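Please look over the sequence and the model before reading on.

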Amino acid sequence: MTNSNKAIKSERLMQYAKDFNADRANLVAANAAVSAGVLEAATDYKGQRSLPRDFSIELKQGSITNQRRSGRCWMFACLNVLRFHIEKELDLPKGTFELSQAYLAFFNKLERAAWFLEHVVATADKPLDDREVDWLFTTPMADGGDWDMVCALVKKYGVVPHEAQAETHCTNNTAELNTVLSHLLRQDALKLRTMAQEDKDTKATQEEMLSEVYRVLAVCFGEPVQKFDFTYNDAKGHYHADLGITPLEFLKKYVPIDLDDYIGVINVPGDDKPYGRMYAIQDSDQIPERRNLYLNVPMEELKGYVIDSLKDGEPVWFGSDVLQHCDRNAGVMDFDLYDLEALFGVKFTMDKAQRFATHESLPTHAMTIAGVDIKDGKPTKWKIENSWGTENHGMKTGNNGYFVCSDEWFDNFVYEVAIRKDRLSPEMQKALDSDPIVWPFWNTFNPVSA
């Protein structure tokens, strides 16, 4: 029962209204927000709606990809890094080559279904309202992922050119399929829980269930290609052909980097998250062949690794909280875009550690870093290759799909980058061999939750 002494009483409401109407700024702000929305009303006309797009270190990338209405950004960003290296290795004209995201998306969902069914059996002795079981049933199928997850998919299944496995309506718009698969998997999970509780062997039943998942995926995505012909003209006009090649053969022959050489380097501040340590997350390893691991470092160190990579001509995969202080049409991410404090007359004081700890901010989107502007030895802004295409509902997206973020935004909302292990300091290379601190499955960083 509500404590009447703590309830909002009519006289208090009258005082709130009196205070609001006594300040002319509140009325002006209300007129703007009611008419145009919060962000438009908070737009700071003195702020930088468009940061300069010149960079002292810049990689010339190709055409922008488009994940459309799917949550495969982590996959797109990794494949965009790989295509950069492939184009360079094969001397392909910039922007003429793309890897198939649809091919890996098929196996990602099949692996996720297998992972889910295994965890359902493992937790069958717990009630449905147990925190872990409830978490499993909340999102049996989604699109989210992380660096180690896409690396595991690539190493296990290989990659193929985009024309070998094209996008479908369902790969571009995954909501309906995710709903169908979640319904099927929840139904399967109840059956498996009963079998496990009765001490019955569930392996054959799990295989039958996965066969049904495969069928659904094949209907929506098409079956994954097993062999294909790879033909191309290089920048000098020379024709090349490799006929009847498999995805794993393509990976071995044409991808000039080894993803095992890279590690997810994160910046997650907090007294309970010491730097220089490895971290893992309970129940996050959807593909058993590769564990999700993270090395936590101070932000200045993380940025140093990124700059070193860019100087060596290598784009960098990264994960961030993309929609914070972001103008999608202008392609700008900057604290100066919106003055919410002035609009509402309130203060926002949480730092990065506090925002992460309270789920106010978390890594929501992966992209590729393609450049940086350095002045007096310090980065001032960063060039970002996104995977949102060049237009959205008739409005342009960024500068031909490219974004720019201020260094302050980078400090606050970038959480993870993929760095080659030999770029790490000797101290951090030693840390790679240490036993990781294991975060619980409900940790904000868990990619399985997305």
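## Terms and basis

Helices (H or I, at least four residues) and strands (E, at least two) are DSSP runs, numbered from the N terminus, and two strands pair if DSSP finds at least two bridges between them. The model is predicted, and local features need pLDDT of at least 70, side-chain atom pairs count only at pLDDT 80 or more, while totals for chains, interfaces and linings use all residues. Residues are numbered from 1 along each chain as its sequence is written, and side-chain values use heavy atoms, with hydrogens and water left out.

## A hairpin

Strand β2 (residues 228-233) pairs with strand β3 (residues 239-245) in the antiparallel sense, over five bridges. F228 has I245 as its bridge partner in β3. Five residues lie between the strands of this hairpin, in which G237 takes a positive phi near 85°.

## Enclosed cavities

Rolling a probe the size of a water molecule over the atoms shows where empty space is left. On a 1 Å grid over the protein atoms alone, a cavity is a set of points where a 1.4 Å probe fits but cannot get out, whereas a pocket is an open set with protein on both sides within 12 Å along at least five of seven lines; lining residues have an atom within 4 Å of a point. Grid points are joined across faces, edges and corners, and a volume is the space filled by probe spheres set on the points. The structure holds two cavities of 30 Å³ or more.

The largest cavity contains about 60 Å³ of space, and the residues that line it include W147, Y262, S309, E314, W317 and R423. β7 (316-320) and β15 each supply at least two residues of this lining, with β15 giving the most, three residues. In the lining of the largest cavity, eight residues are nonpolar (Ala, Val, Leu, Ile, Met, Phe, Trp, Tyr, Cys and Pro), three are charged (Asp, Glu, Lys and Arg) and one is polar (the others, Gly among them).

The second largest cavity has a volume of about 40 Å³ and is lined by R72, M75, A105, N108, K109, D143 and T174. Helix α5 (residues 101-122) provides the largest share of that lining, three residues.

## An open pocket

The second largest pocket has a volume of about 400 Å³. Its lining is made up of 14 residues, and H325, F335, L340, E341 and F348 lie nearest its centre. α13 (340-344) and α15 (407-413) each supply at least two of the lining residues, and by class the lining divides into six nonpolar, four polar and four charged residues.

## Two buried residues

R423 lies in the loop between β15 (414-420) and α16 (426-431). Is R423 buried or exposed? With a relative accessible area of 12%, R423 is buried, where buried means under 20%, exposed over 50% and partly exposed in between (1.4 Å probe, protein chains only). Leaving aside neighbours within four places in sequence, R423 is in contact (heavy atoms within 4.5 Å) with Y305, D308, S309, D312 and E314. The side chain of R423 also makes a polar contact with the side chain of S309, at 3.1 Å; a polar contact is a pair of N or O atoms within 3.5 Å, where within protein one must be able to donate a hydrogen and the other to accept it, and residues adjacent in sequence count only if both atoms are side-chain atoms.

S182, in helix α9 (residues 175-197), counts as buried at 6% relative accessibility. The side chain of S182 reaches the backbone nitrogen of M141 at 3.3 Å.
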